[in-house]
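Have the viewer open while you read.

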Amino acid sequence: MPRTVRDVVFVDGVRTPFGKAGPKGVYHETRADDLVVKAIRELLRRNPGLDPKKVDEVAVAATTQIGDQGLTIGRTAGILAGLPTSVPGYSIDRMCAGALTAVTTVAGSVAFGAYDVAIAGGVEHMGRHPMGEGVDPNPRFVSEKLVDESALFMGMTAENLHDRYPTITKLRADEYAVRSQEKAAKAYANGKIQADLVPVSVRRTDPASGETGWGLVTADEPMRPGTTLENLANLKTPFRVHGRVTAGNAAGLNDGATASLIASEDFARENGLPVKMRLISYAFAGVEPEVMGYGPIPATEKALAQAGLSISDIGLFEINEAFAVQVLAFLEHYGIADDDERVNQYGGAIAFGHPLASSGVRLMTQLARQFEEQPHVRYGLTTMCVGFGMGATVIWENPHFEGDK
Amino acid sequence: MSTTAELLKGAAELFPGEVVTQAHVRHFDLPLGAGRFALITLDNGHDHTKPTTLGPQSLANIDAAIDQVEKEAADGGIVGVGVTGKPFVFAVGADLKGVELLKRHEDAVAIGKGGHDVFKRLSTLAVPTFAYYNGAAMGGGVEIGLHCAYRTVSAAVPAFSLPEVFLGLVPGWGGCTLLPNLIGADKAVTVVIENSLNQNKQLKGGQVYDLGIADALFEGADFLEQSLVWTASVLKGEIAVERPAIDRGEGWDQAVARGRSIADSKVHGAAPAAYRALDIIAAAKDGDLQAGFDAEDQALADLIMSGELRAGLYAFNLVQKRGKRPAGAPDKNLARPVTKVGVVGAGLMASQLALLFVRRLEVPVVLTDIDQERVDKGVGYVHAEIDKLLLKDRINRDKANRLKALVTGVLDKAEGFADADFVIEAVFEEIGVKQQVFAEVEAVAPAHAILATNTSSLSVSEMASKLRHPERVVGFHFFNPVAVLPLLEIVRGERTDDASLATAFAVARKLKKTAVLVKDAPAFVVNRILTRFMGEIQNVIDEGTPVEVAEKAVEPLGLPMSPLVLLELVGPAIGLHVSETLHRAFPDRFTVSPNLKAVVEAGKRGFYVYDSGKPELDPEVAALLKQGDTVLTEEQVRDRVLDAVAQEIGLMLAEGVVAEAQDIDLCLITGAGWPFHLGGVTPYLDRAGVAERVNGKRFLEPGVASVPA
């Protein structure tokens, strides 16, 4: 049977504000599934043209798929969000690139013709599900030296990446982190972020954490506007004595959820849905697990090659800031300045937070806003590093591009 | 210390056991840049199984929270104030345990005034106030919201009501006054009077919105978020809340009149609460809120100090608590599993039982009868009833298929009952027939199977006496209509063992019936009392009192229907049969009315004709009546009837028919529909002095269903 690959578009994306994991965090008493349910509902509310019956799939990523992130959360979240029972769903996991993989996986199905429209997103409640909860690594990893022992500790892999790029100093990483906070604060001040946030009601019963009762979260909790180099200079380097990675130049431990609508371009246009980005290519790549932060580089190489593009064609970058060093390694590799204005214009995960499997869609949502504002840009990319030595990159085209006019 | 605080402090001292609700104040920024907001969360610190209630300390906490936000509002620190509840519960009203403890009218006034003083502050803050009905809201919970400027409600709210009139109170923290001023008198009458008196009917979230009580309706999944987004829009002026104009003219008076006719039809003037509520609703027409609140305080206090309310609370607790934990039931761990049920007989009663068992137990139910035609008819009836449930969307197609497949009929008891764990008979009320049936069942059923009888008047012990295993026979007396009346009298025969009895109670629980343990005594509880009651009415008629006088004599009790209408419902022939049975047992107290006999012999099924729309004595019946010449007044009739009832209950308690007077009342409420304001009947007999007059003592200690001494 002859098939035609269909164009796939990013229709819309939303997220919950991100919270700090732990007992004092805003989401401490909020279930993970409720977070993603609220994101899905906001997505549907914002796109009334989409008949929920037509949704072909709900793909929800979570790294730790137990408890309120288990039970095939893609399916349960769909039901909890009020989608008809006829809409199926599944769970997906590629650690930090979970939501990104949810997007590419449903996008592949849309291109293939299996779906017209799907919801893809992710959730991670690192307060309820700390990193490494319930893991049981095969002892052969160590006994046969398949990976270095540091591979399971993301902070250590970041230190390892500093080793690989000796020119990336702690100062450069701290400077980058300060800029991320500044850009994020500015983006907030300019209203670039709030429009894609769904407010989340949160309950607190422990007075030790603040005012009790129901509250409403409307902004990212981890933000530290006004952070200075001096603030960062003396932070501990918990992953290595005299190391370079600190809580200040890395993303924190966070809670949050994202959701996006991915559709065939024809479906979107026929149903009056917005087309915010057009998918060009996506690629995943593996690297040595102990330098997982290197992952975006080979993944981007692959994605560019598939698209027949070069790095100079990319006008906007959304790079997940798991660690400043990992962004800087990417930039260094491509000869891009640390403060290049095409990169993470609204700041990144160092400011907003990084609830693992949810972050991919945040990158896309922000890139989509930037596309809209910058019609002179034709291509952008979203990329992230992934635990156990992987990278993930998606290249997007700006449907608002006016360059040819 | 403010007056309100003093008031509440005094009230709190009277109620040391209060489950205290906290009023948490939390601040945050509203969406859309609408500004800083203060949200009050009402939370008693327990999960949803213990809903938030409002006692004096709780009110004081709310008062303190309002102190805080009032100041912030005045200082310009906040743009609005909201009130919501803990998960699944908004607030379910005043803590009734505290009401039961009140002994003095002035303390009762303090409860009403305390609530008003706190709640009405929500309408005088410098910023708009919002209530977010997130979950169950009743009584005072609903009323907090009524004092706010705006309300939203969750579509997931399962229960929303002003149940005060149902219990014997008025909505006295603003409900009677504010609700008609918000949604008009007619809808207010529906909520305050009609729903309350209709077995405390609850509204769902959507209905709360449709009635106009809430200004916006949001789904449960993100109710609070959407309520707050809506709040932000209202505060920014992007949403204008418009409410339909209410009819303050004739419509208001008609609504109150409609309320009075509902009250008359339900309580026949016998319980004051509905009428007091209607008086306040009527007066609320002029929109004078403070006058309304004052009237509420007085009505509330009068009612709190009334016997009707105390009896109502007693009745409510009987149904809610004793009804769920039957007195005298054996250890439930002794119960044996019931995986298949046999029904002997396939007539109407047997078929109704089969339907009930299959719906609640969802196990195979097999009907037997003496010929195939009857069996087919019985099974056909059950299948048709299941189809009706399907048509009404009460069950889905799969469930209907499942239930229908579970109900079968056979002629051969050996085939039908060989693996049954529970066999109930509903054959002709004749001891020889029943003994024969049980002997046949015993021959084929497993040794452990319970043999249950639905007899209404025969001796369970006698029925069991000829069996090899009489210890497994229990009485299982349902009330007609089986699907409607909750009562199930479980009768312990002389030789019934604990395991069989425990199994019977376990089955009753699954059937969702209110089980009461009853001794094997003639006609058990409800039929004995009703028959004595009816017998006395018939006696006075036979002796010469006109039928209308006899009927009207007991109207002030507010029973669900008049004696002769009840007898029509039961069927004169059955009534006669039961009176004959009881006459044989207690010939000095239970008479057999010759007039009733004549009516039955004439083949009459009732006493009244309804051609004119109102019941009028059937001339054919009137022609049959042979009356003496002793004409009593209504009061004399009432005294005689009540004396008889009090005497009979006193004797039943002395005989140990049930454990306590509470069980008698529970039976009358759930098996005969006797009203809450009578407390069943013994609280009323105590308060009217009948118990003292007849038996020389009260049935219940003062304070149990009455104002404590």
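This is a predicted model: local features need pLDDT of at least 70, side-chain atom pairs count only at pLDDT 80 or more; totals for chains, interfaces and linings use all residues.

**Strand E14 of chain B**

- One pairing partner is strand E13 (residues 422-425) of chain B, which lines up parallel with E14(B) over four bridges.
- Within that pairing, Ala452(B) is the bridge partner of Ile424(B).
- To get from E13(B) to E14(B), the chain passes through helix H19 (residues 431-444) of chain B, and this β-α-β crossover is right-handed.
- E14(B) also pairs with strand E15 (residues 473-478) of chain B, again in the parallel sense, over three bridges.
- Here Thr453(B) has Gly475(B) in E15(B) as its bridge partner.

**Strand E5 of chain B**

- Why can we call E5(B), residues 129-133, largely enclosed by the rest of the structure? Because five of its five residues are buried.
- On one side of E5(B) you'll find Thr129(B), Ala131(B) and Tyr133(B), with Phe130(B) and Tyr132(B) pointing the other way.
- Strand E3 (residues 80-85) of chain B runs parallel to E5(B), joined to it by three bridges.
- Look for Gly82(B) opposite Phe130(B) if you want to locate that pairing.
- Strand E7 (residues 150-154) of chain B is another parallel partner of E5(B), over four bridges.
- In this case the pair to pick out is Tyr132(B) and Thr152(B), which are bridge partners.

**Where chains A and B touch**

- How many residues does each chain bring to the contact? Chain A puts in 16 residues and chain B puts in 18 residues.
- On the chain A side, helix H1 (32-46), strand E6 (200-204) and strand E7 (213-217) each supply at least two residues.
- Of the chain A elements, E7(A) gives the most to this side, with four residues.
- Sorted by class, the side of chain A that touches chain B has seven nonpolar, six polar and three charged residues.

How values were computed
Residues are numbered from 1 along each chain as its sequence is written. Chains are lettered from A and ligands numbered from 1 in the order in which they are written. Two strands pair if DSSP finds at least two bridges between them. A crossover is right-handed if, with the strands pointing away from the viewer, the path from the first strand over the helix to the second runs clockwise. A residue is buried if 20 or more other C-beta atoms lie within 10 Å of its own, exposed if 12 or fewer, and partly exposed in between; C-beta atoms are placed from the backbone. Two residues are in contact if their C-beta atoms, placed from the backbone, lie within 7 Å. Ala, Val, Leu, Ile, Met, Phe, Trp, Tyr, Cys and Pro count as nonpolar, Asp, Glu, Lys and Arg as charged, and the others, Gly among them, as polar.
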